[in-house]
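Dear colleague,

Please find the structure below. My notes on what was found in it follow.

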Amino acid sequence: MDRDERHSKLVEELVMVFKKEGFRILSADLPGYPTPRPLPNDGYGDQKPKSPDVYAFDSTSQRHVIGEAKTGDDDFETEHALTQYNVFLDQFDKSTGVQAKVYIIVPGGKIAEFNTMITHYIHRDYWQSLVVVSSTQSEGSSGGT
């Protein structure tokens, strides 16, 4: 399975996690869903808007939920990925001011590596809005592509 296929499988799994949590899926980078819209970038990295893999709404907490899949194939610390983390964590509902919750799914065998990177890169004030999901379907790949 190539990197794109592994990424798609992770996005599918994340959609299932969101559904299990009771989130309403608004868009996803999967067939059968509207394509996620780019989210505004208020000055991070390349300054360009970034589209998540999944965009949903949690009616219980009345907040948007942003989902991103990372394969662990050298995609945790790229300039693109680092910009995504900042852009996604910088999303606030215009009417309520509530910060979006960001879920990032990674292969189970890559959780420690991802957690080490993200806790050093993302300011601790944002940690409460970040959920790292360990994939139950993917333990990690045999190398980068």
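**Packing of two helices**

Helix α2 (residues 79-89) packs against helix α3 (residues 111-121) at an angle of about 60 degrees, and their axes lie 12 Å apart. That angle makes α2 oblique to α3 (angles under 35 degrees count as roughly parallel, over 145 as roughly antiparallel, 65 to 115 as roughly perpendicular and the rest as oblique). The contact (heavy atoms within 4.5 Å) is formed by L82, Y85 and N86 of α2 together with F114, M117, I118 and Y121 of α3. By class, six of these residues are nonpolar, one is polar and none is charged.

This is a predicted model, in which local features need pLDDT of at least 70 and side-chain atom pairs count only at pLDDT 80 or more, while totals for chains, interfaces and linings use all residues. Residues are numbered from 1 along each chain as its sequence is written, and side-chain values use heavy atoms, with hydrogens and water left out.

Within α3, I111, F114, M117 and I118 are buried (buried means under 20% relative accessible area, exposed over 50%, partly exposed in between, with a 1.4 Å probe and protein chains only). Seen down the axis of α3, the buried residues fall within an arc of 135 degrees, so they line one face of the helix. Their cover includes α2, β4 (101-107) and β5 (130-135). Exposed residues A112 and H120 are carried on the face of α3 turned away from its buried side.

H64 is located in strand β3 (residues 63-69) and is partly exposed, with a relative accessible area of 22%.

With kind regards

Conventions. Axes are lines fitted to C-alpha atoms, for helices over the stretch in contact, and angles run from 0 to 180 degrees between N-to-C directions. Helices (H or I, at least four residues) and strands (E, at least two) are DSSP runs, numbered from the N terminus. Ala, Val, Leu, Ile, Met, Phe, Trp, Tyr, Cys and Pro count as nonpolar, Asp, Glu, Lys and Arg as charged, and the others, Gly among them, as polar. The arc is that of the directions from the helix axis to the C-beta atoms.
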